[in-house]
Amino acid sequence: MNYDAIEVRTRRRERLRKGFTYFCLVIWALMVLFPFYWMLLSSLKSYSAYNSEYVPRFFTLSPTLQNYTDAFTAVPLARYFLNTLIFTLATTAIMLLVITLAAFAFARLNFRGKDLVFTFFLALMMIPTELVVITNFVTITDWNLRNTFPGLILPSVTSVFYIYLLRENFAQIPDELYYAAKVDGTSDFKYLLRVMLPISRPTMVTITILKVIECWNSYVWPRLITDDANYFLVSNGIQEIRENGFGRENIPAMMAAVVVISVPLILLFLLFRKKIMAGVSRGGTKG
Amino acid sequence: MEQKNAKGWLYLLPAIAFLGVFMVYPLVDVFVYSFEEGYNSASQTFFGVGLYNYSYVLHDPYFLQALKNTFLLVIITVPLSTGLALLISVGLSSIQKLKDLFQTIYFLPYVTNTLAVGLVFMILFKRTPYTDGLVNLMLHWFGAGPIDFIDGPHWAKMFVLCFYTIWVVMPFKILILTSALASVNQDYYNAARIDGTSRSRIFFRITLPMISPMLFYLIITGFIGAFKAYSDAVAIFGTDLNAAGMNTMVGYVYDMLYGDSGGYPSYASAAAIILFAIVLTITCINLMVSRKHVHY
């Protein structure tokens, strides 16, 4: 036995293992990317070209943007977009206000019953939305808020989990800062605005991004509460397009709509990649 | 700290108001609904109190179908997706080059609209008069006959649904497992290497025990998430899931509440409570099992 032979063999085996690892990783990457490629590709094929391909082609030589014009003219895609934007911004803004105030009360203020309420809040984290959505649907219907923005927004403006997350963050800020501010005669609210919020900015950004993603993709509640296409969000819009938009199975136009809907979040993700992934691993749940 | 009773409650007021109206009250109300027999949402009256709603739901063939579909989905997707995510994460943490790129790509499904991308999956699998679809083309390369995945046999539809569900839940699992793997103390590996421990032994004796808390967290949330599957099914088979025979339990609840077969909040409540009871039971079993096998 000579050492060199062993070394060569180990190195070869190592290289083989590495190659196999990369091979598997590339396969899964292709599985993830392929649907995106396919929707982009289909959206660039013309209607007649798409339907004449009995065997689908993996590329197109005559890309067209006609489908994108169709997506915006034949169905009110711009409307869905605007609705989703309003819904997302309003929900996120109101939620940030509500949870900041609550987290501040739990972290900084001292009042009777605080621990009890906090425990109660934590217990609420275990309640699945599916269980409360039935009554919420009846409540919103009774208040005549179906097909309105308040009806869409109100039930999702609080999140116990985010209150908890933010409270933990606020609680880490040293008390000395608070006493110093008190000595200077700063009010509690001003202290919250000027000191606590800036310090907790990373957490606030994380929460905002997670909430925006959640809002952009929400489907169930908007579907229950809106049946007027003027108030559809993109998810409901895409379902509507699939079931009775564009007439006879205009798949390229549908794919154009899908691309348009997917792009904003993908852009957001590419811009804030690190933040989003860190945020999700801290507090995201899906599946 | 000085006591500020009024002020504290004032800051909490918005949160308490919203949670009270949209969380606590509904939670009580859903139980009330589920026991009110013959509830009429137009006149807001009911005949009596009892267990009829539960009995109706449990004898409804659509509910039984939904129950079966949901259990199939859970049993298939949770182990598969967790195992696959574990393999991919282990692969990811063993490389340096291109790691960031792979991680970014793998995370993409998380930030996409489930409904929108589901449409792409439907098109990939669907057979139309114009084309057999891409997946059937690939099957054809291997000599397998065309299968109608969207309107065909139940197992084919189940396959598509499971496939899509796994595709959707993978990003979260890969992310959690990769960060769990990265946080394992390197000293253990170095010590094992000095002792000449084999790779598989390192994996089963060091890696797996060290990440077991996160693995069980993923299994528990995976079970809960899979039991609540709904949007994925809608994305692929359309809103009329009962007709497609692909309804899930959450889908059944929503269909009872609203839509063509809707208007029965009592049945919806009973079904939702049954679902919640099942999820709670499974989660408790999971926690008991994890107490035996997880090393904290």
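Predicted model: local features only at pLDDT ≥ 70, side-chain atom pairs only at ≥ 80, totals over all residues.
1. Leaving out residues up to four places away in sequence, Leu152(A) touches Phe87(A), Pro222(A), Ile225(A) and Thr226(A). The residue sits in helix H7 of chain A, which covers residues 149-153. Leu152(A) counts as buried because 26 C-beta neighbours fall inside 10 Å, and the cut-off for buried is 20 or more.

2. One distance from Leu152(A) is worth noting. Met255(A) lies 103 residues away along the chain. The C-alpha atoms of Leu152(A) and Met255(A) are separated by 27 Å.

3. Next, helix H14 of chain A. This helix takes in residues 251-271, 21 residues in total. From its first C-alpha to its last, H14(A) reaches 30 Å, close to the 30 Å expected at 1.5 Å a residue. There is a kink, though. The bend is about 30° and lies at Val263(A).

4. On domains, the assignment for chain A gives two entries. Domain 1 runs over 3-67 and domain 2 over 76-245. Taken over C-alpha atoms, the centres of domain 1 and domain 2 of chain A are 39 Å apart.

5. Now the contact between the chains. Chain A supplies 73 residues and chain B supplies 78 residues. On the side of chain A that touches chain B, helix H1 (residues 3-44) gives the most, with 11 residues. By residue class, that side of chain A divides into 49 nonpolar, 14 polar and 10 charged.

6. The largest nonpolar core holds 155 residues. Which residues touch the most other members of this core? They are Ala102(A), Ala257(A) and Val258(A) from chain A, with Leu119(B), Val253(B) and Ala271(B) from chain B. Helix H7 of chain B (residues 154-182) provides the largest share of this core, 15 residues.

7. Last, chain B as a whole. Chain B has 13 helices and two strands. Its C-alpha trace spans about 75 × 75 × 35 Å along the principal axes. Of its 296 residues, 43% count as buried. Among the contacts in chain B with a separation of 6 or more, 67% join residues 24 or more positions apart.

Note on methods:
Residues numbered from 1 in each chain as written. Chains lettered and ligands numbered in written order. Contact = placed C-beta atoms within 7 Å. Helix = DSSP H or I, 4+ residues; strand = E, 2+ residues; numbered from the N terminus. Nonpolar A, V, L, I, M, F, W, Y, C, P; charged D, E, K, R; others polar. Buried ≥ 20, exposed ≤ 12 C-beta atoms within 10 Å, placed from the backbone. Expected span 1.5 Å × (residues − 1). Bend = angle between axes of the 7 residues up to and from the residue. Domains from an automatic or database assignment. Core = buried A, V, L, I, M, F, W, Y, C linked by C-beta atoms within 7 Å.
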